[in-house]
Amino acid sequence: MTREITLTRPDDWHLHVRDGAALETVVPHTAAQFARAIIMPNLKPPVTTAAQAVAYRDRIRSAVPAGMAFEPLMTLYLTDNLPPDEIRRAKEAGVVAVKLYPAGATTNSDAGVTDIRKTYATLEAMQREGILLLVHGEVTSPDIDLFDREAVFIEEQLMPLRRDFPELKVVMEHITTKEAAHYVASADRYLGATLTAHHLLYNRNAIFTGGIRPHYYCLPVLKRETHRVALVAAATSGNPKFFLGTDSAPHPAHLKEHATGCAGCYTAHAAMEMYAEAFDAVGALDKLEGFASFFGADFYGLPRNTGTITLRKESWTPPESFAFGEAELKPLRSGEALPWRLAV
Ligand code: NCD
Ligand code: ZN
C-alpha cells in the first residue's frame, strides 16, 4: 500500500479567493499547496476590465506569505457587453481566460450572460488572442430540473458555441455528470474540463445525511452516485483533457447555515489531501500527478511547474473553522479527520 507520494508542484485551475480581509486566510491555504491558481472573477462588482484584474492580482499577491511562491492567474467576467477591445488589453496584462456565468446560475452571477449570441464579437477576439473561455455549464431556466441543468447546457449552449468557435479553447468547469465527462472525452483538443475534489468524493446523499448539511451545497450541485463514479473514472483515466480545479468557494459560515444558504464548498485548506483520498480509493494514485500538475498547464499552454510536494497517509484533523474577516469560515468536513496529509 502506498503511504507516501511525491508530485511535481500542482496548480488549481479554478479557485475563488474573494477579496479584502478574506484574502489573508484563503490565499495562504492555496499557496501552501499550489504554484498557481486560476482566480475566478465573480467579485461584487465582478472583474470586467484588465485594469481591475491587475489591481486584484496585486491584492492577492500581497496576501501571499513571505517565502512562499504563488502566482495568481487572472480572469475576466463575461457580460453581455464586455467589449472586444478589452480582450486585447487583458491579453497584454497577462489575463489568461474569461469566465462565462449564465446570468443567475450561481453565486454573484447576476451580471452574467443573458444570451450567448450577445458575446460573439468578444468570443471572436478571444479566439484570435488565445484567451480561454471558462464555462459554468448550467442552464438557468426554472423549467429545467436542477439536477439536469448541466446535461441540458451541453446540448443547448455548449455544442452550438463550439461549432461557431471551433478554435476557441474552452474549459467546462467543475463538471458533475457522466454526460459532461463523456462529452469532454469525445471532443477535440480545444475542450477540457476541471474536476473538484468534492464531486469526486461525494454524491448528493452527502447534502441530506442526518439532516440538511449546507456545507455540502455547491453549484453545480452534487449528483447521483453513477455520476460520481463517471467523474472518478475521468479524473483517473490519464486523459489530459481532465485536470484539477478545486472550485474552493469560501462563504461566511452564518450565510451557509441559513434559510437560503449560499452555494460553495471550501476545500483549499486541504485540497490535495482530498484529491489523494479520492484517487487512493480507486487505487489510482499513480494518475494524480498528471491530473494535478501537468494536464492543466499543458491545456493552458503554460510551462509545467518545477519543485515538488509530498503527501503522506497520516490521519489528521484540520481546524474546525478559520477566521474570515469578521466572520467564520467552515471548511468541507469541518472537524473530521482526513486520511492524507501534506508533508511540510
Ligand atoms: C461559487 C462561489 O461561491 O463563488 N459557488 C459554488 O457553489 N461553486 C460560484 C461557482 O463557481 O459556481
Ligand atoms: Zn467556481
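**View 1. Phe279 is buried, at 1% relative accessibility.** A residue is called buried under 20% relative accessible area, exposed over 50% and partly exposed in between, with a 1.4 Å probe and protein chains only. The model is predicted, so local features need pLDDT of at least 70 and side-chain atom pairs count only at pLDDT 80 or more, whereas totals for chains, interfaces and linings use all residues. Residues are numbered from 1 along each chain as its sequence is written, chains are lettered from A and ligands numbered from 1 in the order in which they are written, and side-chain values use heavy atoms, without hydrogens and water.

**View 2. Nine aromatic pairs are counted in the model.** Rings of Phe, Tyr and Trp (its six-membered ring) pair if their centres lie within 6.5 Å; planes under 30 degrees apart are stacked, over 60 edge-to-face, and the rest tilted. Tyr266 and Phe322 form an edge-to-face pair, 6.4 Å centre to centre with 65 degrees between the planes. Tyr266 lies in the loop between α9 (253-256) and α10 (271-281), and Phe322 in strand β11 (residues 322-324), 56 residues apart. Helices (H or I, at least four residues) and strands (E, at least two) are DSSP runs, numbered from the N terminus. Tyr266 is buried at 3% relative accessibility, and Phe322 is buried at 14%.

**View 3. Phe279 and Phe291 form a tilted aromatic pair.** Their centres are 5.2 Å apart, with 45 degrees between the planes. Phe279 belongs to helix α10 and Phe291 to helix α11 (residues 288-300), so the pair ties together parts twelve residues apart in sequence. Phe291 is buried, at 0% relative accessibility.

**View 4. Arginine side chains lie over aromatic rings.** A charge sits over a ring if NZ of Lys or CZ of Arg is within 6 Å of the ring centre and within 35 degrees of the ring normal. Arg204 lies over the face of Phe147, 4.7 Å from the ring centre. The charged end of Arg304 is placed over the ring of Phe294, 4.1 Å from its centre.

**View 5. Strand β6 (residues 132-135) has buried side chains pointing both ways.** Leu132 and Leu134 point one way, Leu133 and Val135 the other, and all are buried. In a regular strand, side chains alternate between the two faces of the sheet. Strands pair if DSSP finds at least two bridges between them. Four bridges join β6 to the parallel strand β5 (residues 97-100), where Lys99 stands opposite Leu134. Three bridges join β6 to the parallel strand β7 (residues 170-172), where Val170 is the partner of Leu133.
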